[in-house]
Amino acid sequence: MSTAYDEATEGKVYSVNGADWDQVVAGVRETEEERLVVNMGPQHPSTHGVLRLVLTLDGETVTEARGVIGYLHTGIEKNMEFRTWTQGTTFVTRMDYLSPIFNETAYSMGVEKLLGITDRIPERAQAIRVMMMELNRISSHLVAMGTFGMELGATTPFLFGYRDRELIMDLFEYITGLRMNHAYVRPGGVSVDLPAGAVDKVGEFLKEMPKRIKDIRKLLDANPVYVRRTKDVAYLDLTGCMALGVTGPILRAAGLPWDLRKSQPYCGYETYEFDVATERGCDVYSRYLVRMKEMEESLKIIEQALDRIAGPLKGDPVMIEDKKIGWPAQLALGPDGFGNSPDHIAHIMGTSMEALIHHFKLVTEGFRVPAGQAYASIESPKGELGAHVVSDGGTRPFRVHFREPSFCNLQAFPAMAEGGQVADVIAAVASIDPVMGGVDR
Amino acid sequence: MTSPDNLPEVPDAQVPEVPAAQEPPIARQGMFGATDSGDTSGYGGLVVRRPPQISTPRPYGSYFDEVVDALALDDAIERVVVDRGELTLHVKRERLVEVSQKMRDDPALRFELSLGVSGVHYPHLTGEELHAVYHLCSITHNRRVRLEVSCPDADPHIPSTVGVYPGHDWHERETYDFFGIIFDGHPALTRIMMPDDWEGHPQRKDYPLGGIPVEYRGATIPSPDHRRSYS
């Protein structure tokens, strides 16, 4: 208790750093005050990073809850204003680090809208984007479900979730070169085509994954402890969702089949067959069911996308064929461990001065984007992820703002938690599935 | 045969007065923003002008005409812009709450879902430097619209819309934190991302990015905001 505080305004203050709760318990016994204000976080394991919750308790009941954010603010939006449009993907991929492909795609779609090239993105690139996004949706939901289980005291779903996520991480590493922070989706298409063998690997994954999802369902779907901790907990109905701008699985668990993939399709989602998962419970359990169902639907989409990538779209380009915009080189990992494209080097150094100039200008200076603003939104695992992209006609973004679903959904946490028990706060936050990298950006 | 001498004389009064086309202000001269050395690139005479502010005349196309008609608050709208398939309504700031209320409640509009507030700082637009941009979405009609409000840097006040869209609470705090726009009527307008005692508003264009030059093997790489810029 070294920090100075004003007892008159703040009341009696107990600091618990580490483990010594005895002091607090003894103190609370002495005091006559009924109200206890507890700081949960910013470094509490169940706060998904560095979220701080200020809870006013009356016994076990939460009478007031406030979320405090900003502990992971990294200035991504500001930094992007000092890099080229292409370099921007490297920043946005780090926002919501559990769904990097979605961040990149939303941003790229915004830039493409500004450039007016949305219709000219090659179909193969769109199919690869869809496949990668759906893989990413599964991996994000697996983390959501895994940590969810653990926060409610069940460690096995956590181990299962992370074990199964590893399959997707391996695929991502094989395809993009990195497990996270891929910068794979770029304005104009994707950075490189799928490497040899990727289609087979995704095919194997598609065979394995339904079993794994069933395993998690077996653990949680009818688990009496889990159901009692989640049913009718953190209730937020459709009216609440609309007022607070809540989207994603929370909205669909309130019964509204609002999924941008269906209602305002992008990247060719209108050509894929899948169902939108909805539930009517408005509670934590319904949100869990929606996420599980979405993973199963994602597998269907991946299968269809994979058929197209391996079939009719085989050998097609994955970057827009526009010398002024499309990134020139298609890099492949060489035996020396470096990425290079011998054909491209022979082309620019030996046969085409024009190609050399384009390569040089695009890489050093970047392309120019006509002035104006655009808003592109996609259905990320957490809800509507929107990119508001403003250009002044230059080679750098003038302003990029992300409508982060975690940020908006987290705002609804007091509405879910107030009036409930302290233990339900954990379930409420877990069901929102906030990623603080995305909330704070 | 006509020579310059026997051309019929035209009285001055018959030549119509053509006002000189107003050119948008210059955004940039030269190529690399370098002023400390002689121009060897040949781009020294390059003049890039700012794009003019657009205002779209009717018909707007798509469902945009219906939205503007249903709103029927023409005196509250400064200009309508249809660009890249998106409708933007520039709203007078004192009428913002009224417009958003109608946007949400009118059965023909029903923009029930707001996707938040995004600030933009345009230092070159004198008198309307700070913009707040609202993206609205109608689930009933499956439509989108963008509202844009501006305020001068000297008087950075915009009425709060938390009463209409409660979800704007954190968004307005964020925009205040990053741009210094004061949302009048917000229940608790405090900083949200930056620490409470932070000075300045980081997303403004006059706020530096910061960073230090990095030295590597004798060469110095300047921080990102001091590197050569092409735009």
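How much area do chain B and chain A bury between them? The answer is about 4,400 Å², with 55% of it on carbon and sulfur atoms; buried area here is the accessible area (1.4 Å probe) that two parts lose on being put together, summed over both. This is a predicted model, where local features need pLDDT of at least 70, side-chain atom pairs count only at pLDDT 80 or more, and totals for chains, interfaces and linings use all residues. Side-chain values use heavy atoms, leaving out hydrogens and water, residues are numbered from 1 along each chain as its sequence is written, and chains are lettered from A and ligands numbered from 1 in the order in which they are written.

**View 1. Chain B meets chain A.** Here 57 residues of chain B are in contact with 51 residues of chain A (contact: heavy atoms within 4.5 Å). On the chain B side, B:Arg84, B:Trp170 and B:Met193 lose the most area to chain A, together 18% of what that side buries.

**View 2. Polar links across the interface.** The rule picks out 23 residue pairs in polar contact, both at pLDDT 80 or more (a pair of N or O atoms within 3.5 Å; within protein, one must be able to donate a hydrogen and the other to accept it, and residues adjacent in sequence count only if both atoms are side-chain atoms). Strand 5 (113–121) of chain B is among the elements giving two or more residues to this side, as is helix 3 (168–179). Strand 5 of chain B supplies the largest share, eight residues. Helices (H or I, at least four residues) and strands (E, at least two) are DSSP runs, numbered from the N terminus.

**View 3. A salt bridge between A:Lys113 and B:Glu86.** The closest N and O atoms of this pair sit 2.7 Å apart. The count between the two chains is four salt bridges (a side-chain nitrogen of Lys or Arg within 4 Å of a carboxyl oxygen of Asp or Glu).

**View 4. Helix 5 and helix 6 of chain A cross.** The axes of helix 5 (residues 100–115) and helix 6 (residues 123–151) come within 8 Å and cross at roughly 145 degrees. Axes are lines fitted to C-alpha atoms, for helices over the stretch in contact, and angles run from 0 to 180 degrees between N-to-C directions. Among the residues making the contact are A:Phe102 and A:Met109 of helix 5 and A:Met132 and A:Arg137 of helix 6.

**View 5. An open sheet of three strands in chain A.** The order is 8-9-10, with antiparallel pairing (two strands pair if DSSP finds at least two bridges between them). Strand 8 (372–380) and strand 10 (399–403) are the edge strands. Helix 5 of chain A packs on the sheet, touching strand 8, strand 9 and strand 10.
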